[in-house]
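Subject: Structure handed over, with notes

Hello,

Here is the structure you will be working with. Please open it beside this email, and read the notes below with it in view.

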Amino acid sequence: MLKLNRFKKYTLGLFLLIFPFLSYAQNLVDSVDKKPAEIEIIVTADHVDWTYKTGENVNFKVSVRGKQLEDLKISYEIGPEKMAAGKKGTLILANGIGTITAGTMKSPGFLRCIVSAKVNNKVYTGFATAGFEPEKIRATAEVPNGFLSFWNKAKADAARIPLNTQMNLITERSGGDVNVYRVSFQNNQLNSRIYGILCIPKKEGKYPAFIRFPGAGVRSYNGGGSLSLATEGMITLDIGIHGIPINLDAEVYNGLLQGALSGYPLFNLDNPDQYYFKRVIQGCLKSVDLIYSLPQFDGSTLAVMGSSQGGALSIITTALDSRIKYLVALCPALSDLTGYLHGRAGGWPHMFSPTNIEIHGTPGKIKTSSFYDVANFARLIKVPGFYSWGFNDETTPPTSTYAVYNNISAPKELFIVPEGRHKIYQQQREKYTSWILEKARVTAALK
């Protein structure tokens, strides 16, 4: 049990757990170029929070940093995020500063202004995205007939499979107060397993637990800061989703990502029972079974977290399993996938976008997507959650993530970084860390 007089040490440990979590969505998150660009185009909306009432005009401010460029000519395109531009033009920036009058939106959504300039035969771009009453965005995803019965059966099928847990102690990482294990357990069928890293404090006692679900991609896992957190009295479980060991050479994962697992989010999209993420979700549910099977678990305090793909899995697993007490979901993927069919941005993996609609826009694939759309799971959430994303996210567009958030009736907190793209920022880190710590403090006080 987590004691209050240990809370200070626990706070440090929990922060160390959360910090490495940021790298999990590495194949979806924008990378940071450490080499400064020759010039930088900065676009901002003229409201501090970048939000507007429908019918209210937005002006985008443009500035250029870097070389001293006089009378720089820029081009701009304005339109709903991820959709074709409705307005285009050029502008001469006097002293590197200018304003673009963009107009408005008549219904809730997001309007994006993309600015580009060519300097020394190189094109530079910048953009900003204004939100129009995003709290009123409604999901386009429709709950299919048989949604609950489909998932109740999937849960029951997974529950019948014995865990058959295998735990192998990693001796070189198990010094001090913590045992670190490579762990695997059976998933939805006898020849399918989930692999991960499990950290358990050595001292006899009962401990709270966290499960972290990964962002998209194929990679190894080592538990990151979980070892430090376990030292402070936590059980932590980091899982992969692809049914492969998590300690292989990097070239193995790269080969899979470019070969057998290339495009996995679209595998078997024409069949709800065979779609790739069914086995994945069942594996997430089995990870909860694993935590509850541990004699060191306190039997009640379990949270899940994830970003992008992991954010989607956090919401889905929480919706399906009442044993989870709270969640963190950052820029969740698989959100309002059918938005594109209604003339607005849909969520990752964008199977119905204008470039993909001819291949994937069939009735069967659209129906399958509805069984996996996070917007439909959001209606089932009953526990507190912390949610966060940015308006400039091109991978998990804010139109899609708001569609999910607005479907949640449980206690919730939303933190927005207006300029945020598809990566995690320091202010987000601080906010969700404080939120989790407060939940842990309350839990500790009640024990």
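Helices (H or I, at least four residues) and strands (E, at least two) are DSSP runs, and they are numbered from the N terminus. The model is a predicted one: local features need pLDDT of at least 70, side-chain atom pairs count only at pLDDT 80 or more, and totals for chains, interfaces and linings use all residues. Residues are numbered from 1 along each chain as its sequence is written, and side-chain values use heavy atoms, with hydrogens and water left out.

Backbone exceptions

Most residues other than glycine have a negative phi, and most peptide bonds are trans. Asn 95, in the loop between strand 5 and strand 6 (97-103), has a positive phi near 60° and is not a glycine. Asn 95 is exposed, at a relative accessible area of 71%. The terms here are set by relative accessible area: buried is under 20%, exposed is over 50%, and partly exposed is in between (1.4 Å probe, protein chains only).

Lys 82 also has a positive phi, of about 70°. Lys 82 sits in the loop between strand 4 (72-80) and strand 5 (87-93) and is partly exposed, with a relative accessible area of 34%. A cis peptide bond runs from Trp 348 to Pro 349, with omega near 15°. Pro 349 belongs to the loop between strand 15 (326-330) and helix 7 (357-360).

Strands and their partners

Two strands count as paired if DSSP finds at least two bridges between them. Strand 4 and strand 5 run antiparallel and are joined by seven bridges; Ile 78 has Lys 87 in strand 5 as its bridge partner. These two strands form a hairpin with six residues between them, and Lys 82 is in the turn.

In what order do the three strands of the open sheet lie? The order is 1-3-6, with antiparallel pairing. Strand 1 (39-45) and strand 6 are the edge strands, each pairing on one side only. Direction ignored, neighbouring strands of this sheet are turned by 25° against each other on average. (Axes are lines fitted to C-alpha atoms, for helices over the stretch in contact, and angles run from 0 to 180 degrees between N-to-C directions.) Strand 1 pairs with strand 3 (residues 58-66) over seven bridges, in the antiparallel sense, and Ile 41 is opposite Val 64 in strand 3.

Strand 11 (residues 193-201) has eight of its nine residues buried, so it is largely enclosed by the rest of the structure. Strand 11 pairs antiparallel with strand 10 (residues 178-186) over nine bridges, where Val 180 faces Cys 199 of strand 11. Strand 11 also pairs antiparallel with strand 13 (residues 235-239), over four bridges; there Leu 198 is opposite Leu 237 in strand 13.

Cores

In soluble globular proteins, nonpolar side chains tend to be buried together. A nonpolar core is a set of buried Ala, Val, Leu, Ile, Met, Phe, Trp, Tyr and Cys residues joined through side-chain atoms within 4.5 Å. The largest one here has 118 residues, and Phe 60 and Trp 151 have the most contacts inside it. Helix 5 (residues 276-293) gives the most to this core, with nine residues. Apart from this core lies another, of eight residues, including Val 180 and Tyr 221.

Which residues does Trp 151 touch, leaving aside its neighbours within four places in sequence? Among them are Lys 278, Leu 320, Phe 371 and Tyr 372; contact means heavy atoms within 4.5 Å.

Helices

Helix 2 (residues 147-160) and helix 8 (residues 363-372) pack at an angle of about 65°, with axes 10 Å apart. They are therefore roughly perpendicular to each other, a term that covers 65 to 115 degrees (under 35 is roughly parallel, over 145 roughly antiparallel, and the rest oblique). The contact is made by Phe 147, Phe 150 and Trp 151 of helix 2 and by Ser 370, Phe 371 and Tyr 372 of helix 8.

Helix 10 (residues 398-405) has eight of its eight residues buried, so it is largely enclosed by the rest of the structure. Its cover includes strand 7 (109-119), helix 6 (309-320) and helix 9 (374-378).

Regards
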